[in-house]
Amino acid sequence: MKQITTIKEIRKVLKEEKKKGKTIGFVPTMGYFHEGHLELMRQAKKLADVVVVSIFVNPIQFGPAEDCKRYPQDLEKDKSMAQEAGIDYLFIPSVEEMYPGELLTYVDVEKLTLPLCGKFRPGHFRGVATVVAKLFNIIQPDMVFLGEKDYQQLLVVRKMAEDLNFDVKIIPIPTIREEDGLAMSSRNVYLNSEERKASLVLYKSLQLAKDLIKSGEKDAQTIKQAMGELIRKEPLVSLEYLSICDTCLLDELERVEKEALIALAAKVGKARLIDNIVMRLN
């Protein structure tokens with residue numbers, strides 16, 4: 001594994017790899033790796049000849065009251081985990097490398113960025129789309145591997161790549177969970193033991209929705225009401241949003257007929273946690 005910190009060098013080495021006919025798989029991250037990140041890397045290793053992982057805590061996707069400066073980081077551990085995963089290049093640019101001067105150009109993906117997390121984090125997805133577009137231009141990958149836990153982000157990046165004609169295939173990877181069901185997230189480190197236990201109600205509510213739908217309940221409002229009642233029984237969890245929506249455009253659904261995204265976000269102590277499941281009916 002080779003660690004690279006400059007745009008010039010990563011472009012140079014990947015240009016040489018492409019000259020050899022190698023395919024490039026790319027996993028963009030903000031670091032603080034967990035099993036979810038490793039699964040993305042493993043899938044990339046299976047499908048691409050060369051795997052590049054980036055670590056960059058992107059300041060323009062954080063709001064003024066959010067946790068950019070305190071986002072968990074352990075670069076040495078990340079390097080060790082990436083090495084063990086067998087990746088080829090670890091790209092770790094500085095903020096100055098990615099944004100050398102005043103940034104005047106942004107990428108806005110409309111409509112998809114307005115509901116769910118977009119409603120509560122204005123400007124977040126503009127920051128995500130902008131930095132991902134920059135990374136796509138720098139890395140020029142053939143395949144990009146993204147987790148379904150950040151389902152809205154997955155849709156935003158896919159639509160951005162499609163609309164801007166990036167020659168890249170977006171490959172979604174299912175959410176990786178702890179044994180008790182909690183979705184793996186770098187922000188889980190913020191949880192103390194009581195909060196960690198309380199946070200399980202989020203996954204339980206998603207399972208409740210799944211069971212209700214399987215038993216024949218189709219009314220989205222009824223399902224959301226049941227989920228909300230369960231979550232509100234846990235005093236350490238503050239629900240931010242609960243949505244049953246279309247899986248392509250994120251439009252709210254009145255009934256679950258064929259396919260639906262059931263998504264939620266909540267504050268648990270200092271952590272903001274998101275989770276979702278996709279229901280597909282025959």
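**Close-up views of cavities and cores**

**View 1. What lines the largest cavity of this predicted model.** Its lining residues divide into 27 nonpolar, 15 polar and seven charged (Ala, Val, Leu, Ile, Met, Phe, Trp, Tyr, Cys and Pro count as nonpolar, Asp, Glu, Lys and Arg as charged, and the others, Gly among them, as polar). A cavity is a set of points on a 1 Å grid over the protein atoms alone where a 1.4 Å probe fits but cannot get out, and lining residues have an atom within 4 Å of a point. The volume, the space filled by probe spheres set on the points, is about 940 Å³ for this cavity. Of the 49 lining residues, Met30, His37, Lys149, Asp150 and Gln153 are the closest to its centre. Helix α6 gives the largest share of the lining, six residues (helices are DSSP runs of H or I, at least four residues, and strands of E, at least two, numbered from the N terminus).

**View 2. The largest nonpolar core.** Such a core joins buried (under 20% relative accessible area, 1.4 Å probe, protein chains only) Ala, Val, Leu, Ile, Met, Phe, Trp, Tyr and Cys residues through side-chain atoms within 4.5 Å. Among its 47 residues, those touching the most other members include Ile10, Phe91 and Phe136. Here too look for α6 (residues 124-139), which supplies 10 residues, the largest share of this core.

**A note on the model.** Residues are numbered from 1 along each chain as its sequence is written. Local features need pLDDT of at least 70, side-chain atom pairs count only at pLDDT 80 or more, totals for chains, interfaces and linings use all residues, and side-chain values use heavy atoms, with hydrogens and water left out.

Technical notes. Buried means under 20% relative accessible area, exposed over 50%, partly exposed in between (1.4 Å probe, protein chains only). On a 1 Å grid over the protein atoms alone, a cavity is a set of points where a 1.4 Å probe fits but cannot get out, and a pocket is an open set with protein on both sides within 12 Å along at least five of seven lines; lining residues have an atom within 4 Å of a point.
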